[in-house]
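Work through the exercises below with the sequence and the structure in view. Try each task before reading its solution.

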Amino acid sequence: MNLIDSLLTAMTLEEKIGQLNMAATGYAITGPILGDEVAENIRAGRVGGLLNLWGREAIAGLQKLAVKESKLAIPLLFGLDVLHGHKTIFPIPLAEAGLFDPLLWERTARAAAIEAAGDGITLTFAPMLDIARDPRWGRIAEGPGEDPLVGARFAEAKIRGFQGPDLAAGTSVAATAKHFCAGGAATAGRDYAAVDISERTLIEVYLPPFRAAVAAGCAAIMPAFNSVAGVPMTAHAALLRDYLRRKLGFEGLIISDYNAIPELMQHGVAADLTEAAALSLKAGVDMDMMSGAYVRCLPDALARGLVAQEDVDAAVRRVLKLKQNLGLFDDPCRRVAPAEYLAEAQRELALDVARRAITLLSNRDILPRSRQRAGSQYSSESRLCWGLCLRPPATGPGPMPPWFCPGNRQGGCHGLGGLLAGRTPWLHQLGGVHGQPATIGGQRQPLRGGARRRAAQRLGAASGRRYLWSLQPAHEPALHRTKWRLSSLLLPVRSGSARRRLVPGSAGDADRRAC
C-alpha cells in the first residue's frame, strides 16, 4: 500500500475534509473574510493549506506544527499570489505579454519561483490566463491580453518557469492557472459579472490558454467567480468535470476562488451552504478556499446523500498527491531554507524586462523617423536610436549573457534613416563619430540582406559563439531594449534553431536568421 492509500485508510472523515480546507491567515486580505485562529485547526487536522502567509520563520513554525503536533503529520500547502515577482518585481503580466518572448516569460517566472520558494511558498495562484477584449474590465493588467495564441504560449512558459524541471525541487512552486474561464468577457466589463458568449467563442478564444496549461503540466486550476451561460463556474460540472478532467485529462488540483462556494447561493443555484458545498465537490472542486463550507457542510451533504464518500476520497487523494509531488512528505521544510540566488542578477533581469516592456501608446510625431530628423535628433535631442543588437545564445539555466552591439560591448549602436519606412540603416558605433559606419572584420558593412548575417557570423567567429540577428530600437548609451511591434525579435539560439515569432503574419516574421 502506497503512502496516499495508507493515509486515506487511517483518516477520519473530519481529517479527510480538513485536507480540502484552505484557510487564510490575515497577512494579506484578498477577499471579504478575515482568517480566524488557525493553530488549533492545524493540530486537529482541519486545515490542508494556508494562503496569504509568507516568511520563512512564520511558515516553518506552522509547518512544524502540522507535522509534529497533528495525528497524521500531513504537511500543509502554502499559497500566495506571486503574479509578477515576489521580492524582485517584474513588469505586470500584460506588459510582459507584449514582449512576445516565451523564453523571457519563463525566466521571470523562474526568478519569482526561486524567491517565493525560498520564502516557504509552495503554491502560487498564477498565471492568470483570462483573455481580455473589453477595455472596461479592470483586471486586464493581470493577464496576457487579447490573443488566445499568445495566452497559450504565455501559459506554457509561466508554468515551466514556476514549476521548473522538477516540482519537488526546493526552488519550484506549483502553478495555478486561473480563472477558468471567460472572466475577461464579463458583461459590461464588470468584474465577476455574468458571461454569455457563444460556444464557438468559448472554445476558440477563452479555452486555449487553459488547454495549453494542462498540456504543460499545470499543478492546479482555479475556477472563476463568474457564471458562463447561466452556470456558475464553481459548480460548472460540464466544464470542470467533463471538459477539464475527462476530455483534457487534467489530474491536478482544482481550488475554488476566495469564498466562491458560498456565493453559489447568491447565484441562485444553491438553497443553502450544504447544497453549495455539494454542487462544488460534485463539479470537481477539490479544495475550498477560505469559506469553510466543506468543513462545516460536507458531513451533512454526505448524510443527505448529496455527495458520496468516493467524491470526498477522490478530492483528498488529489490534495495529497500534489503534496507528494512537491516533496513535502520527504522534507516538509525544504522550502523554508534560504534560497541560493544572486539578488543582483534578479534585479538586472527585472531591469532588462522593464526596459523591453516599454510600449509606445501615443505616436506624437515620433515615428517614423526621417533621415534629416534622425541626423540631428538621434545624435543630440533624442536618446532613441535604431540598431543591430546581438546576443550570445543561452548555454544553461543561469542568467542569460548580456546584450551588446558590434564594436561596443557597453553601448548601443544606431543608424540613420527610417527603419519603419523600409530603409535599412547602416551600423554605427557610439564610441566613434555619429554618422560614420562602423567596421566589422576590417570592412565597412551596410546592414542590408546577407551583410547582416555576415556581420553576425564574423562576430561569432571572433568570440566562438552563435548569434541571431535582429533589427530593433535601442537606447544609448546602455542599450535599453525597447521593442517595437514592427521590428523583428532577437532571441538566443537553443537546440540549433531559432524560435518562431508568436504572431503569425506580423512584420519581421521572416526576418530572423540563425547564424
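**Exercise 1. Find the handedness of the crossing of H1 and H14, then describe how the two helices pack.**

Step 1. H1 passes H14 in a right-handed crossing. A crossing is right-handed if the near helix is turned clockwise from the far one by less than a right angle, and left-handed if anticlockwise. Helices (H or I, at least four residues) and strands (E, at least two) are DSSP runs, numbered from the N terminus.

Step 2. This is a predicted model, in which local features need pLDDT of at least 70 and side-chain atom pairs count only at pLDDT 80 or more, while totals for chains, interfaces and linings use all residues. Residues are numbered from 1 along each chain as its sequence is written, and side-chain values use heavy atoms, with hydrogens and water left out.

Step 3. Two packed helices are described by the angle between their axes and the distance between the axes. For helix H1 (residues 3-10) and H14, the angle is about 135° and the axes are 10 Å apart. Axes are lines fitted to C-alpha atoms, for helices over the stretch in contact, and angles run from 0 to 180 degrees between N-to-C directions.

Step 4. H1 and H14 are therefore oblique to each other. The classes are roughly parallel under 35 degrees, roughly antiparallel over 145, roughly perpendicular from 65 to 115, and oblique for the rest.

Step 5. On the H1 side, Leu3, Ile4, Asp5, Leu7 and Leu8 meet Asp313, Val316, Arg317, Leu320, Lys321 and Gln324 of H14. Contact means heavy atoms within 4.5 Å. The residues of this contact of H1 with H14 divide into six nonpolar, one polar and four charged. Here Ala, Val, Leu, Ile, Met, Phe, Trp, Tyr, Cys and Pro count as nonpolar, Asp, Glu, Lys and Arg as charged, and the others, Gly among them, as polar.

**Exercise 2. Describe the packing of H6 and H15.**

Step 1. Helix H6 (residues 102-118) packs with helix H15 (residues 343-356) at an angle of about 145°, and their axes are 11 Å apart.

Step 2. The crossing of H6 and H15 is left-handed.

Step 3. H6 brings Leu104, Arg107, Thr108, Ala111 and Glu115 to the contact, and H15 brings Gln346, Leu349, Val353 and Arg356. Sorted by type, the residues of the contact of H6 with H15 are four nonpolar, two polar and three charged.

**Exercise 3. Which residues of H8 are buried, and what do they pack against?**

Step 1. Leu202, Val205 and Tyr206 are the buried residues of H8. Buried means under 20% relative accessible area, exposed over 50%, and partly exposed in between (1.4 Å probe, protein chains only).

Step 2. Seen down the axis of H8, its buried residues fall within an arc of 100°, so they line one face of the helix. The arc is that of the directions from the helix axis to the C-beta atoms. On the other side of H8, Glu199 and Arg200 are exposed.

Step 3. The buried residues of H8 pack against helix H7 (148-163), H9 and helix H10 (237-247).

Step 4. Now take the partner H9. Helix H8 (residues 199-206) and helix H9 (residues 208-215) pack at an angle of about 50°, with axes 5 Å apart. H8 and H9 are therefore oblique to each other. The residues of the contact of H8 with H9 comprise seven nonpolar, no polar and two charged.

**Exercise 4. Which residues of H13 are buried, and where does Pro299 lie?**

Step 1. In helix H13 (residues 293-303), the buried residues are Ala293, Tyr294, Cys297, Leu298, Ala301 and Leu302. They cover an arc of only 150° around the axis, which puts them on the same side of H13.

Step 2. An α-helix has 3.6 residues a turn, so residues three or four places apart point the same way.

Step 3. The face of H13 turned away from its buried side carries Arg296 and Ala303, which are exposed. Cover for the buried residues of H13 includes helix H2 (13-19), helix H12 (273-283), strand E10 (288-289) and H14.

Step 4. Pro299 is in helix H13. With 34% relative accessibility, Pro299 counts as partly exposed. Leaving aside neighbours within four places in sequence, Pro299 is in contact with Ile17 and Tyr294. Pro299 and Ile17 are 282 residues apart in sequence, and their C-alpha atoms are 8.6 Å apart in space.
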